[in-house]
Amino acid sequence: MAANQIGKTWAGGFETAMHLTGRYPDWWIGREFKKPIRSMAGSESSELTRRGVQRILVGPPETEQQWGTGSIPKNAIKSWSRRQGVPNTLDNVVVLHGGGGDVQAGESVIQFGSYDQGRTKWQADTLDFVWFDEEPPEDVYTEGITRTNATDGYCIITFTPMLGMSRVVERFYPDSKFPRCAYVRMGIEDAEHLSPEQRAKILAKYPEHERDARARGLPMLGSGSVFSIDPAFITCSPFEIPAHWPQIAGIDFGWDHPSAAARLAWDRDTDTLYVTACHRAREQTPLTFSAAVRPWGEWLKWAWPHDGLQHDKGSGVQLAQQYKSVGLNMIPEKATFVDGSNGVEAGIAEMFDRMQTGRLKVFSTLEQWFDEFRLYHRENGIIVKKRDDLMSATRYAMMMRRFATVKMRKNKSVPDYQPGGWMG
């Protein structure tokens with residue numbers, strides 16, 4: 001997932017060329033094909049495939065004399081066939097494979113397609129590798145990966161996530177149901193050839209709700225982020241929590257969507273909250289979930305939402321009571337403000353106010369937390385209740401900070417403080 005115009009198609013083209021030719025540089029640590037491959041690549045339309053994928057792999061489409069100046073070396077191109085009725089557009093290319101050593105010589109083939117031709121165009125023979133340039137429709141994507149099943153091959157996508165948190169994009173996030181998927185994000189800050197002034201000029205060109213997608217490679221967020229603040233402003237390096245600071249944890253119950261937990265430390269002198277730990281996982285029972293977070297401290301009190309009052313249909317036991325029974329020190333009442341209210345927008349407003357005034361900080365090591373923070377957004381002014389589990393857990397803990405406690409020694413009234421001993 002990458003910003004516009006910083007080299008994502010170029011990167012995809014050169015990886016594809018390596019697999020087609022079997023010529024891998026010494027620094028390459030990714031997967032290698034030791035034999036010729038069959039592959040397919042394409043983009044949203046035939047024209048975009050020609051101007052993007054074909055140009056990067058073969059060379060400028062307008063001048064046949066320059067074919068062989070792309071990422072596939074000229075001496076590796078054996079032949080090509082043209083697409084009928086579309087000038088300078090290739091249907092496929094035969095590439096000589098074999099880089100010496102244990103790499104088998106032979107002929108690789110890459111076929112070009114486009115999404116507007118529909119899913120059936122991607123019902124090719126068995127493939128080893130597929131390259132989608134720009135995000136494909138889900139049916140095209142699944143058809144592409146189906147072609148690689150028999151070969152244990154794989155697919156790559158190079159794209160700017162203008163379609164938001166789509167079903168295709170969701171596959172690549174860590175807590176998805178597709179564990180063999182992963183992503184690399186590349187933003188304008190990674191384009192080191194651009195000066196700070198050039199980056200600022202580029203950012204200023206985009207509407208605010210498109211800025212994260214077009215310049216930072218983050219999925220576009222409807223009408224805008226809930227917390228429209230630079231993550232760097234709320235980030236801090238991890239540090240040892242002083243013994244006299246009270247702490248509290250919040251939990252957001254889940255199953256199909258992840259259960260989540262956030263631990264907060266409270267500097268009462270400055271009224272600053274620090275998010276120091278988080279945990280998020282789907283399809284975890286109370287026992288499994290509690291085992292992951294109990295090391296934070298059995299003395300730690302837990303804030304929880306109103307749905308913790310619901311009774312399990314099988315046992316008839318309240319959800320919050322189930323977590324208490326497996327070792328979490330659940331606060332006796334659901335999460336509310338001091339006045340008894342529990343409005344989401346009120347909680348969001350307080351969190352945002354704290355962020356803007358430097359009174360809510362987050363440890364830089366909490367990648368899951370920042371993933372959610374960046375994607376937390378509104379559609380038509382309404383907060384999208386999706387991938388918000390850690391945000392909710394943080395909000396519950398903040399609302400109930402009046403119950404935060406300091407770890408005490410057994411039978412003593414002084415903190416049991418051992419440097420590094422109870423950080424979790």
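Which strands does helix α2 lie across? The views below start there. This is a predicted model, in which local features need pLDDT of at least 70, side-chain atom pairs count only at pLDDT 80 or more, and totals for chains, interfaces and linings use all residues. Residues are numbered from 1 along each chain as its sequence is written, and side-chain values use heavy atoms, leaving out hydrogens and water.

**View 1. Helix α2 lies across β1, β3, β4 and β5.** The helix covers residues 46–57 and runs at about 150 degrees to β4 (106–114). Angles run from 0 to 180 degrees between N-to-C directions, with axes fitted to C-alpha atoms, for helices over the stretch in contact (heavy atoms within 4.5 Å). Helices (H or I, at least four residues) and strands (E, at least two) are DSSP runs, numbered from the N terminus.

**View 2. Six strands form an open sheet in the order β2-β3-β4-β1-β5-β6, with mixed pairing.** Strands pair if DSSP finds at least two bridges between them. β2 (77–82) and β6 (154–158) stand at the edges, each with a single partner, so one side of each has no neighbour in the sheet.

**View 3. Phe 33 and Tyr 154 form a stacked aromatic pair.** Their rings are 6.4 Å apart centre to centre, with 10 degrees between the planes. Rings of Phe, Tyr and Trp (its six-membered ring) pair if their centres lie within 6.5 Å; planes under 30 degrees apart count as stacked, over 60 as edge-to-face and the rest as tilted. Phe 33 is buried at 6% relative accessibility, while Tyr 154 is partly exposed at 21% (buried is under 20% relative accessible area, exposed over 50%, partly exposed in between; 1.4 Å probe, protein chains only).
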